[in-house]
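Trainee: Could we go through this structure together before I plan my notes? I would like to begin with one chain and then move on to how the chains meet.

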Amino acid sequence: MMLGRVCGTVVSTVEHPFYDGRKQLIVRAVLPNGSFDGERYVVAVDLVGAGVGETVLVEDEGNSARQLMDAAPRGPVRSVVVGIVDEVTEDRS
Amino acid sequence: MKLGRVIGTMVASVKAKGMDGLKLLVVRPLTARLEPEGVPFVATDASAQAGPGDLVTYEASREAALLHDPWFVPVDHAIVGIVDQHAYQDEGGRS
């Protein structure tokens, strides 16, 4: 799973029917200390009601994403936001 | 999914079985802030209506094939939708 921060939203009128009515968030990958991990990002379907500025957990693997969305075996989805992160601690010892 | 800009079209009269009728577009990958990033690639169009100049979302990997019907096609990049509105802010970003 990927730790990320929601940086924006994407709205499409013309899109694959699977994505109709599903909120899509732009999530940039962050390191445990909160800084961006380069330009790495993903556009993910929101399953938890996350908002811009929040740190989130993104599942970036197709089979798990399909399972979470009850779309197995052929839902065309790979990235889903599955959690809102309250706190990250990192032991640097 | 990722963001990309359609920069051209491609026509191939001889294609693998299962790819008949699929529209092929040349897409330049973009960062979250819509800056060009990396090398353009060819994608099929699962939104059915994308064209040059459009900002789009695309899926890479196996999920690209799943966007089509029938889904067992040799496709590894496919356009999911045409983006009408792209809201972006770095708020909270510490880098």
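Mentor: Let us start with chain B, where buried residues make up 37% of the 95 residues. Please keep in mind that this is a predicted model.

Trainee: Which helices and strands does chain B have, and in what pattern?

Mentor: Chain B has five strands and one helix. Along the sequence they follow the pattern β-β-β-β-α-β. The C-alpha atoms fill a box of roughly 50 × 25 × 25 Å along the principal axes.

Trainee: How much of the contact in chain B comes from residues 24 or more positions apart?

Mentor: Such pairs account for 53% of the contacts in chain B with a separation of 6 or more.

Trainee: And what does chain A look like?

Mentor: Chain A also reads β-β-β-β-α-β along the sequence. Its C-alpha trace spans about 45 × 25 × 20 Å along the principal axes, and 38% of its 93 residues are buried.

Trainee: How does the radius of gyration of chain A agree with that of a compact globule?

Mentor: A compact globule with 93 residues would have a radius of gyration near 12 Å, and the 14 Å of chain A agrees with that.

Trainee: Changing topic, how many residues are in contact between chain A and chain B?

Mentor: On the chain A side there are 30 residues, in contact with 33 residues of chain B. The elements of chain A that give two or more residues to this side are β1 (2-15), β2 (24-30) and β3 (36-46). Of these, β1(A) gives the most, with ten residues. By type, the chain A side divides into 13 nonpolar, eleven polar and six charged residues.

Trainee: Which strand of chain B is joined to β1(A), and how do the two run?

Mentor: The partner is β5 of chain B, residues 77-88; six bridges join the two strands, which run antiparallel. Within this pairing, A:Val11 has B:Gln85 as its bridge partner.

Trainee: Which residues touch the most other members of the largest nonpolar core?

Mentor: That core has 43 residues, and those touching the most other members are A:Val27, A:Ala44, A:Val81, B:Ala78 and B:Ile79. Leaving aside neighbours within four places in sequence, B:Ile79 is in contact with residues including B:Leu25, B:Ala46, B:Val56 and B:Tyr58.

Trainee: You mention B:Ala46. Is that residue buried or exposed?

Mentor: B:Ala46 is buried, because 27 other C-beta atoms lie within 10 Å. It is found in the loop between β3 (41-45) and β4 (55-60) of chain B. Beyond four places in sequence, B:Ala46 touches A:His16 in chain A, as well as B:Leu67, B:His68, B:Ala78, B:Ile79 and B:Val80.

Trainee: What about B:Ala48, buried or exposed?

Mentor: B:Ala48 is found in the loop between β3 and β4 of chain B, but it is exposed, with 11 other C-beta atoms within 10 Å. Its phi is positive, about 75 degrees, although it is not a glycine.

Trainee: What is phi of B:Ser61, and where does that residue lie?

Mentor: Phi of B:Ser61 is near 65 degrees, a positive value in a residue other than glycine. B:Ser61 lies in the loop between β4 and α1 of chain B, and it counts as partly exposed, with 13 C-beta neighbours inside 10 Å.

Trainee: Last topic: where are the cis peptide bonds?

Mentor: In chain A, a cis peptide bond joins A:Ala72 and A:Pro73, with omega about 5 degrees. A:Pro73 is in the loop between α1 (62-68) and β5 (79-84) of chain A. In chain B, the bond from B:Asp69 to B:Pro70 is cis, with omega near 0 degrees, and B:Pro70 lies in the loop between α1 (62-66) and β5 of chain B.

Methods. Residues numbered from 1 in each chain as written. Chains lettered and ligands numbered in written order. Predicted model: local features only at pLDDT ≥ 70, side-chain atom pairs only at ≥ 80, totals over all residues. Helix = DSSP H or I, 4+ residues; strand = E, 2+ residues; numbered from the N terminus. Rg over C-alpha atoms; globule rule 2.2 N^0.38 Å. Buried ≥ 20, exposed ≤ 12 C-beta atoms within 10 Å, placed from the backbone. Contact = placed C-beta atoms within 7 Å. Nonpolar A, V, L, I, M, F, W, Y, C, P; charged D, E, K, R; others polar. Pairing = 2+ DSSP bridges. Core = buried A, V, L, I, M, F, W, Y, C linked by C-beta atoms within 7 Å.
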